[in-house]
Amino acid sequence: MRFEKLDIAVAGAGIGGLSLALMLAMRGARVVVYDQMVAPRPVGSGFVLQPTGAAVLSHLGLLDRAAARGAVIHRMHGKLAGTNKTVLEIGYGASRHGIAIQRVALFDILLDAAIAAGVTFETSSRVIDMNGGERPTIVLGGSRTAPSADLVVDAMGAGSPLGHIAAKELGYGALWATVPWPQDGPFHPHELEQRYHRASRMAGVLPVGTAADGAPAMATFFWSLRNRDIDTWRSAGREAWLTEVAAMWPETVPFAAIAEPVHARYRHHTRRPIAGRRVLRIGDAWHATSPQLGQGANMALLDAASLVLALERSDGIDQALKLHLRQRQWHIRLYQTLSRVMTPFYQSDSGLLPVVRDLAIAPATQLSLVRLLVSRLVTGEFLDPIKRIGL
Ligand SMILES: Cc1cc2nc3c(=O)[nH]c(=O)nc-3n(C[C@H](O)[C@H](O)[C@H](O)COP(=O)(O)OP(=O)(O)OC[C@H]3O[C@@H](n4cnc5c(N)ncnc54)[C@H](O)[C@@H]3O)c2cc1C
């Protein structure tokens, strides 16, 4: 397709929306991004760019910049709280690694590149609906309708108002905080470390590099919490939390002592990717999960790249959408299923599942074939999504 003739409207300036807008504009399309934020800014703390997401950033020419800000991750390692018993051990292997990065760092890299490529941003624009058709439109709050486009994309994340189902919220979320990285230990600079107490408690520390050139290195600290316990946690106060943290993982008390945590709720849903004629969902608006498998941001990047490459190889938009869905649907189905199955082993009230995790799954993952499969699973490379989208 000739991109110079395309008008594309994207709702949501998150990881999926920004990378899509950038990739389209780099090929000559006219792109407008609508976001409810007063000024574009990232939501959340840090996450791991897997080889899948990194391949998309490399295609955009931005991987070196992301790598310079982030921290290389070679291993994910989890122990039972208060013991030395390892129940999670995932290595990337010799030829692969993850890049843990602050959300703000990746956001700034994508935003700067998108502005330079000519993407237009409409901030303070809350999207409330979309109308499908030959020339679809976005309906904005305040009874405004955006100019029609050739294609409209919902990249409004898990909370997208289009087809919102409140019941899809999971029982557990987590407190997330960005805290200074302690240079002299006790944490490994290239590992995601976790501690578990049954499945009802989980804490993690992830080195996430710097937000900007010259800024200090930081860590993401997360603390799993039932949504219904958030008010109790708040009213109990910091001292009570510090006592709990000390009992679970004493080395993380200095993080909890200064953290200004944000409580994130998780959702699990798979909405229909097509929300109307020439209205498409990508990223969490299409498929949201708990961050247990650490794939969401990488999936959003893959969706964006898949759509643009499908447009490039097709004669029309409808044909491109079909190709894009063929490229992405099996990978998404697999990871949605795995995430649904795996999450309760780490975040639930079950007494049985953590026992199965510790006594059966953990030893099985020591077998070399299983270890390889689990490693491929965590890197996001099962079903070879990069090749599938033709990157
Ligand atoms: C706490 C937490 C930890 C995570 N950890 C990881 C991890 O380690 N690895 C990983 O790969 N993924 C992780 N994820 C998942 C990852 O963050 C998401 O999958 C990813 O951000 C999805 O990108 P997106 O572009 O679809 O949506 P988002 O990044 O959520 O962006 C949505 C955008 O839409 C805008 N918007 C929303 N509603 C409206 C509206 N009505 N009108 C206009 N604009 C709107 C928002 O302002 C936002 O800018 C984590 C998620 C959470 C919450």
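1. **Ground rules.** Residues are numbered from 1 along each chain as its sequence is written. This is a predicted model, in which local features need pLDDT of at least 70, side-chain atom pairs count only at pLDDT 80 or more, and totals for chains, interfaces and linings use all residues.

2. **S9 and S10.** Strand S9 (residues 127-131) runs antiparallel to strand S10 (residues 137-140), with four bridges joining them. Strands here are DSSP runs of E with at least two residues, helices are runs of H or I with at least four, and both are numbered from the N terminus; two strands pair if DSSP finds at least two bridges between them. Methionine 130 has isoleucine 138 of S10 as its bridge partner. Five residues separate the strands of this hairpin, and glycine 133 in the turn shows a positive phi of about 155°.

3. **S10 and S11.** S10 also pairs antiparallel with strand S11 (residues 144-145), through two bridges. Threonine 145 in S11 lies opposite valine 139. Three residues sit between the strands of this hairpin, where glycine 142 in the turn has a positive phi of about 75°.

4. **The ligand shell.** Around the ligand there are 35 residues, with Gly12, Gly14, Gly157, Gly283 and Gly296 the closest; a residue counts as near if its C-beta atom, placed from the backbone, lies within 6 Å. Helix H1 (15-26), strand S3 (46-49) and helix H7 (296-313) each contribute at least two shell residues, and H7 gives the largest share, four residues.
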